[in-house]
Amino acid sequence: MAAVPFDQRDGEIWFDGVFIPWKDAKVHVLTHGLHYASSVFEGERAYGGEVFKLEEHTERLHMSADVLGFEIPYSAEVINAATKELLRRHNLVDAYIRPVAWRGSEMMGVSAQHNTIHLAIAAWEWPSYFKPEERLKGIRLDMADYRRPDPRTAPYKSKAAGLYMICTLSKHAAERKGYADALMLDWRGQVAEATGANVFFVKDGKLHTPTPDCFLDGITRRTVIGLARARGLEVIERAIMPEELSGFEQCFLTGTAAEVTPVSEIGPHNFQVGEISRVLMEDYTAAVQPKAAPRVAAAG
Ligand SMILES: Cc1ncc(COP(=O)(O)O)c(C=O)c1O
């Protein structure tokens with residue numbers, strides 16, 4: 001049976017400061033964010049009723065808007081409180097949270113200096129699927145045709161909707177060929193990231209990951225670097241060329257949705273799901289657990 005479409009679910013969405021019925025959380029077709037991609041968002045996960053790194057995500061949301069030249073008219077305190085209240089109202093324990101901010105409808109042209117800035121936050125159940133046997137097989141990646149753009153051509157530090165156009169194109173192309181995702185190079189031809197996650201490689205007991213100078217420096221990426229260093233592993237951030245892929249032993253992706261996901265193949269290159277990938281998967285699983293006692297869903 002097909003899943004219920006996202007615009008037809010039950011519950012509430014926080015929309016411009018108030019909780020409204022999920023099905024009423026609509027925007028007009030003449031919305032600047034829809035036509036000109038003046039929209040920024042976050043992807044967050046709650047584990048045991050607590051959002052992992054909520055403050056960092058909200059900070060990045062504000063920063064993303066700032067990079068696009070607009071200010072979200074709600075403080076971090078208001079956004080964080082709304083997120084927690086949303087989880088509470090829906091009795092969500094393991095969940096995905098999607099805040100999105102966009103320019104409204106007052107002006108409909110490239111210039112939209114005075115359009116109202118809107119913010120909505122939705123959350124839905126997303127079970128924590130740590131099924132090691134499935135994920136330990138590793139996923140298969142294709143090489144994407146599109147490249148992460150030169151920072152002079154796109155505001156890469158922003159988690160901006162427009163930057164995902166080439167991600168969706170690349171992911172669709174990979175899926176059509178039977179791959180789970182695609183690895184994108186950057187404008188210089190260096191290894192960059194997957195379509196919604198950062199990438200790490202392992203060689204001779206050390207981690208190698210591309211320097212995030214034209215793509216998102218993920219919150220999970222930074223968390224995993226910290227976890228690796230806490231284990232005494234060396235983490236080298238540097239330019240990585242595609243010619244080096246054949247020399248790496250292990251590979252994994254990191255992201256709020258991907259968590260730590262081992263990669264078994266990138267195009268013609270094969271990787272083992274080795275000890276370091278496994279240990280970091282486990283360490284990440286432990287790190288996301290709530291610091292307070294985990295909440296369980298109330299019955300009924
Ligand atoms: C393109 C892209 N890169 C990297 C990431 C990883 O970021 P984070 O770990 O903050 O979720 C994401 C996910 O948000 C993403 O969409």
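Trainee: What is the handedness of the crossing of α2 and α3?

Mentor: Happy to start there, and keep in mind that this is a predicted model. Helix α2 covers residues 54–67 and helix α3 covers residues 76–90. Their crossing is right-handed.

Trainee: Which residues of α2 and α3 make that contact?

Mentor: On the α2 side, look for L54, E55, T58, E59 and H62. By class, the contact of α2 with α3 has 3 nonpolar, 4 polar and 2 charged residues. The partners in α3 are A76, I79, N80 and T83.

Trainee: How are α2 and α3 oriented to each other?

Mentor: The axes of α2 and α3 are 10 Å apart, and the helices pack at an angle of about 130 degrees. An angle of 65 to 115 degrees would count as roughly perpendicular and one over 145 as roughly antiparallel. The two helices are therefore oblique.

Trainee: Which element gives the most residues to the side of domain 1 that touches domain 2?

Mentor: Between them, 15 residues of domain 1 are in contact with 10 residues of domain 2. On the domain 1 side, the elements giving two or more residues are β3 (39–41), β4 (44–47) and α2. With 5 residues, the one that gives the most is α2.

Trainee: How many residues on that side of domain 1 are charged?

Mentor: The side of domain 1 that touches domain 2 has 5 nonpolar residues and 4 polar ones. The number of charged residues there is 6.

Trainee: Which element gives the most to the shell around the ligand?

Mentor: There are 15 residues around the ligand, and G218, I219, T220, G255 and T256 come nearest. Two elements give two or more residues to this shell, β14 (250–255) and α6 (219–230). By class, the shell divides into 5 nonpolar, 8 polar and 2 charged residues. The element that gives the most, with 3 residues, is α6.

Trainee: How is α6 oriented to α7?

Mentor: Helix α7 spans residues 275–287, and its axis comes within 10 Å of the axis of α6, crossing at roughly 115 degrees. That angle makes α6 and α7 roughly perpendicular.

Trainee: What is the handedness of that crossing, where α6 passes α7?

Mentor: To find the place, look for T223, V224, L227 and A228 in α6, which meet L280, D283, Y284 and A287 in α7. The residues of this contact divide into 6 nonpolar, 1 polar and 1 charged. Here α6 passes α7 in a crossing that is right-handed.

Notes:
Residues numbered from 1 in each chain as written. Predicted model: local features only at pLDDT ≥ 70, side-chain atom pairs only at ≥ 80, totals over all residues. Near = placed C-beta within 6 Å. Helix = DSSP H or I, 4+ residues; strand = E, 2+ residues; numbered from the N terminus. Nonpolar A, V, L, I, M, F, W, Y, C, P; charged D, E, K, R; others polar. Axes fitted to C-alpha atoms, helices over the stretch in contact; angles between N-to-C directions. Parallel < 35°, antiparallel > 145°, perpendicular 65-115°, else oblique. Left-handed = near helix turned anticlockwise from the far one by under 90°. Contact = placed C-beta atoms within 7 Å.
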